Amino acid sequence: MKNIVLVGFTGVGKTTVGRRVAAKLKIDFYDTDEAICRCEKTPAHVLLQKKGPKYFEGAQRFAVSTLAQNDGCLISTGGDTVTDAFNLSVLQENGILFWLRADSQTVYQNTRHSISRRPELKNASLSDIAAMMDARKPFYEKAHVVVDVNHNDIDGVADEIIRQYKELTK
């Protein structure tokens, strides 16, 4: 059974929605950032700051390649996970990728109280966020399914992912 893989910019709700989808389908839930935190015994954003992007990239690749070996689970990825061709390829092998797409206003609203966990957004204006999202858009567009999260509640997004997943795995 293929995995459900959630991709998208930081703050679009991948972890929150992922937990809901996994609970509704009664499948295992994994988060790449949480996996990195467990292995490294430090939060992903702290690891990135302390050990640098090259080290973090290796930790992220390890988490992705380990989690992607599962069957029929849900994997929530970090906002930049699929910008790495290795990660994208590994996740596509046994997964259906769902891009949780939001606009910059939604991301700003969702992240404004969690900047300490999202250092890339520190002091970022709405236009800065839009520019970062545009830069990652070509990677997210490689997903199999796009689910718009603007103005949709968690259950609505979760139900849409489940509907599309069941349709694609018939």
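Strands β4 and β5 pair in the parallel sense over 4 bridges, where strands are DSSP runs of E with at least two residues, helices are runs of H or I with at least four residues, both numbered from the N terminus, and two strands pair if DSSP finds at least two bridges between them. This is a predicted model, in which local features need pLDDT of at least 70 and side-chain atom pairs count only at pLDDT 80 or more, while totals for chains, interfaces and linings use all residues. Residues are numbered from 1 along each chain as its sequence is written, and side-chain values use heavy atoms, with hydrogens and water left out.

**The sheet**

Strand β5 has Val145 and Val147 on a covered face, and Val146 and Asp148 on an uncovered one.

**The nonpolar core**

The largest nonpolar core has 49 residues, and those with the most contacts inside it are Ile4, Phe98, Leu100 and Ile161. Such a core is a set of buried Ala, Val, Leu, Ile, Met, Phe, Trp, Tyr and Cys residues joined through side-chain atoms within 4.5 Å. The largest share of this core, 7 residues, is supplied by helix α3 (residues 44-67). In soluble globular proteins, nonpolar side chains tend to be buried together. When residues up to four places away in sequence are not counted, Ile4 touches a list of residues that includes Val21, Leu25, Cys73, Ile96, Phe98, Ile161 and Tyr165, contact meaning heavy atoms within 4.5 Å.

Ser76 lies in strand β3 (residues 74-76). Leaving aside neighbours within four places in sequence, the contacts of Ser76 are Leu6, Lys14, Thr15, Phe29, Tyr30, Asp31 and Thr32.

**Aromatic rings and charges**

The count comes to 1 aromatic pair, under a rule by which rings of Phe, Tyr and Trp (its six-membered ring) pair if their centres lie within 6.5 Å, planes under 30 degrees apart counting as stacked, over 60 as edge-to-face and the rest as tilted. The rings of Trp99 and Tyr140 have centres 5.9 Å apart and planes at 35 degrees, so this pair is tilted. The pair links distant parts of the chain, since Trp99 is in strand β4 (residues 95-101) and Tyr140 is in helix α6 (residues 126-140), 41 residues apart.

Arg101 lies over the face of Trp99, at 5.5 Å from the ring centre, and Lys51 lies over the face of Tyr55, at 4.6 Å from the ring centre. A charge sits over a ring if NZ of Lys or CZ of Arg is within 6 Å of the ring centre and within 35 degrees of the ring normal.

**Burial and loops**

The table gives relative accessible area for several residues, where buried means under 20%, exposed over 50% and partly exposed in between (1.4 Å probe, protein chains only).

| Residue | Relative accessibility | Class |
|---|---|---|
| Ser76 | 1% | buried |
| Tyr140 | 2% | buried |
| Leu121 | 3% | buried |
| Trp99 | 7% | buried |
| Glu93 | 61% | exposed |
| Lys41 | 73% | exposed |
| His151 | 79% | exposed |

Most residues other than glycine have a negative phi, and most peptide bonds are trans. Lys41, in the loop between α2 (32-40) and α3, has a positive phi of about 60 degrees although it is not a glycine. His151, in the loop between β5 and α7, likewise has a positive phi, near 60 degrees.

Glu93, in helix α4 (residues 85-93), is 91 residues apart from Lys2 in sequence and 8.9 Å apart in space, C-alpha to C-alpha.
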